[in-house]
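Biologist: Could you go through this model with me, one part at a time? I would like the cut-offs spelled out as we go.

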Amino acid sequence: MMHSETALVGDLRMHYLRAGSGPLLVLLHGWPQTSHCWRHVMPALAEHYTVIAPDLRGYGLTDKPVSGYDKRTMAADVRALARRFDDGPIRLVGHDRGARVAHRYALDHPDEVERMALLDIAPPWRPSDAPP
């Protein structure tokens, strides 16, 4: 069963969908979608994982503050939500803008990301500039 929930993450009221139990899997939507875009894949994933799919800052039912739309701030929002469910390494899936947020999360907290899938984006760097 999928649940629609809201959590206070810092000063941000963040909406998310939650289903399943097990290791944490976070699904991040792209533009102009919301967490709703994951509704068809969440039931299958929830057979093996606790799946959360938040509405990113400014999208859907999550607050729309004036600022904080840089990827680092948005990744911090996702991290704060994820830490409510699991303090171990998580699995991240990001699509489009959500992939940019997931990438920033992994760069800022590599020890917290066990696996990551980035969908429908090109790497944000030239091969010679790739991070180590």
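This is a predicted model: local features need pLDDT of at least 70, side-chain atom pairs count only at pLDDT 80 or more; totals for chains, interfaces and linings use all residues.

Biologist: Is D120 buried or exposed?

Modeller: At 61% relative accessibility, D120 counts as exposed, where exposed means over 50% relative accessible area, buried means under 20% and partly exposed is in between, with a 1.4 Å probe and protein chains only. Residues are numbered from 1 along each chain as its sequence is written, and side-chain values use heavy atoms, with hydrogens and water left out.

Biologist: Where is D120, and what is its phi?

Modeller: D120 is in the segment after strand 6, and its phi is positive, about 60°, although D120 is not a glycine. Strands here are DSSP runs of E with at least two residues, helices are runs of H or I with at least four, and both are numbered from the N terminus.

Biologist: And what about D96?

Modeller: D96 is not a glycine either, and has a positive phi of about 55°. It sits in the loop between strand 5 and helix 3, and with a relative accessible area of 25% it is partly exposed.

Biologist: Which strands does strand 5 pair with?

Modeller: Strand 5 runs parallel to strand 3, to which 4 bridges join it, and it also pairs in the parallel sense with strand 6, residues 113-119, over 6 bridges; pairing here requires that DSSP finds at least two bridges between two strands. V93 takes part on both sides, as the bridge partner of L27 and of A117 in strand 6.

Biologist: What do strand 5, helix 3 and strand 6 make?

Modeller: Together they make a right-handed β-α-β unit, where right-handed means that, with the strands pointing away from the viewer, the path from the first strand over the helix to the second runs clockwise. Helix 3, residues 97-108, has 12 residues and reaches 17 Å from its first C-alpha to its last, close to the 16 Å expected at 1.5 Å a residue, the expected span being 1.5 Å times one less than the number of residues. Its buried residues are G98, A99, V101, A102, H103, Y105 and A106, and what covers them includes strand 3, helix 2, strand 5 and strand 6.

Biologist: Which residues of helix 2 are buried?

Modeller: In helix 2 they are M74, A75, D77, V78, L81 and A82. Seen down the axis of helix 2, these fall within an arc of 150°, so they line one face of the helix; the arc is taken from the directions from the helix axis to the C-beta atoms.

Biologist: Which residues have the most contacts inside the largest nonpolar core?

Modeller: They are V26, L28, L92 and Y105, in a core of 23 residues, where a nonpolar core is a set of buried Ala, Val, Leu, Ile, Met, Phe, Trp, Tyr and Cys residues joined through side-chain atoms within 4.5 Å. The largest share of this core, 5 residues, comes from helix 2. Apart from it lies another core, of 10 residues, among them A19, L25, L27 and M42.

Biologist: Switching topic, which peptide bond is cis?

Modeller: The bond from W31 to P32 is cis, with omega near 0°, and P32 lies in the loop between strand 3 and helix 1. S35 lies in that loop too, and is buried, with a relative accessible area of 2%. Not counting residues up to four places away in sequence, S35 touches H15, L17, H29, A53, P54 and D55, a contact being heavy atoms within 4.5 Å.
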